[in-house]
Amino acid sequence: MALRARARLLLAQYFEKPSARLLHAARLTPNAVTLLGLALTGVAAYLAAQGHFTIAGVVFLAASALDMLDGALARLTNQATRFGAALDSMADRLGEASILIGIAWFYLRTDNDAGVILAFGATVASYMVSYLRARGEGLGIVMKETGLGTRTERVLIMAAGLLTGLVIAAMALVLALSAFTSGQRLYHLWRQGNEK
């Protein structure tokens, strides 16, 4: 966890803050950046569905970079709102699902049953990780840093899989990591939720 926090700090200092200043100079709002990132993910999903995995990986990475910047821009411009946070979370879920649906579409058309099943399984498992965090926080339990496979790790694995063509392996890893993380979060909820 300390390594993750250190990497997050360096990323914020050398990428997020300078990039947020550029977006502010371009007069973009945080919500516009969120929607732009989601639209780019849709493009990546379409490219993946056509079997253009490498370019899909490049576009998916660009979309994920924008996803990091909406929050940084909101903090820089003092425009952080609860609606913006909800929109960002919704865009995250839709983005993850869309890239996996695009991949499933490709494997469906090429009669690769294993690819379709893995895409479906990775989608469900990823949603479970996010759901358990939201449910835990709704119960007043701190969940943010709980678990090994957060959205950042899942996005990096899928992007790497697309860029290298190892998409089946990437989805299998996302599925396994998400299932493990769901178990970690469920255990954390069990421990914290049983305290009086």
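So, is R151 buried or exposed? R151 comes out at 18% relative accessibility, and since the cut-off for buried is under 20%, R151 counts as buried. Before I go on, please keep in mind that this is a predicted model.

Now look at where the partners sit. D92 belongs to helix α4, which covers residues 82-109, while R151 is in helix α6, residues 151-164, so the bridge links distant parts of the chain, 59 residues apart. And D92 is buried too, with a relative accessible area of 10%.

R151 also meets E96 in a salt bridge, this time at 4.0 Å from N to O. Again we go from helix α6 to helix α4, and this pair is 55 residues apart. Both R151 and E96 are buried; for E96 the relative accessibility is 8%.

Now, E96 has another salt bridge, with R93, where the closest N and O atoms are 3.9 Å apart. How far apart are R93 and E96 in helix α4? They are three residues apart, which means about one helical turn separates them.

Salt bridges with shared partners join D67, D92, R93, E96, R151 and R154. For the whole model, the count is six salt bridges.

Next, an arginine with a different story. R185 sits in helix α7, residues 167-193. R185 is buried, yet it has no salt bridge. Which side chain of opposite charge is nearest to R185? That would be E137, and it is 7.4 Å away. A salt bridge needs the atoms within 4 Å, so E137 doesn't qualify as a partner for R185. What does R185 touch, then, leaving out residues up to four places away in sequence? The list is V129, S130, L132, R133, M143, K144, T146 and T150.

Let's move to the loops and the backbone. Most residues other than glycine have a negative phi. With that in mind, look at R27, which isn't a glycine but has a positive phi of about 65°. You'll find R27 in the loop between α1 (2-25) and α2 (30-49), and R27 is exposed, with a relative accessible area of 77%.

N78 is another case: a positive phi of about 55°, and not a glycine either. N78 lies in the loop between α3 (53-76) and α4. At 73% relative accessibility, N78 counts as exposed.

Last topic, the aromatic rings. There are four aromatic pairs by count. Take F53 and Y107: their ring centres are 6.3 Å apart and the planes make an angle of 50°, so this pair is tilted. F53 is in helix α3 and Y107 is in helix α4, so the pair ties together parts of the chain 54 residues apart in sequence. Are these two buried or exposed? F53 is buried at 12% relative accessibility, and Y107 is buried at 7%.

Technical notes. Residues are numbered from 1 along each chain as its sequence is written. This is a predicted model: local features need pLDDT of at least 70, side-chain atom pairs count only at pLDDT 80 or more; totals for chains, interfaces and linings use all residues. Side-chain values use heavy atoms; hydrogens and water are left out. Helices (H or I, at least four residues) and strands (E, at least two) are DSSP runs, numbered from the N terminus. Buried means under 20% relative accessible area, exposed over 50%, partly exposed in between (1.4 Å probe, protein chains only). Lys and Arg count as positive and Asp and Glu as negative; His and the chain ends are not counted. Contact means heavy atoms within 4.5 Å. Rings of Phe, Tyr and Trp (its six-membered ring) pair if their centres lie within 6.5 Å; planes under 30 degrees apart count as stacked, over 60 as edge-to-face and the rest as tilted.
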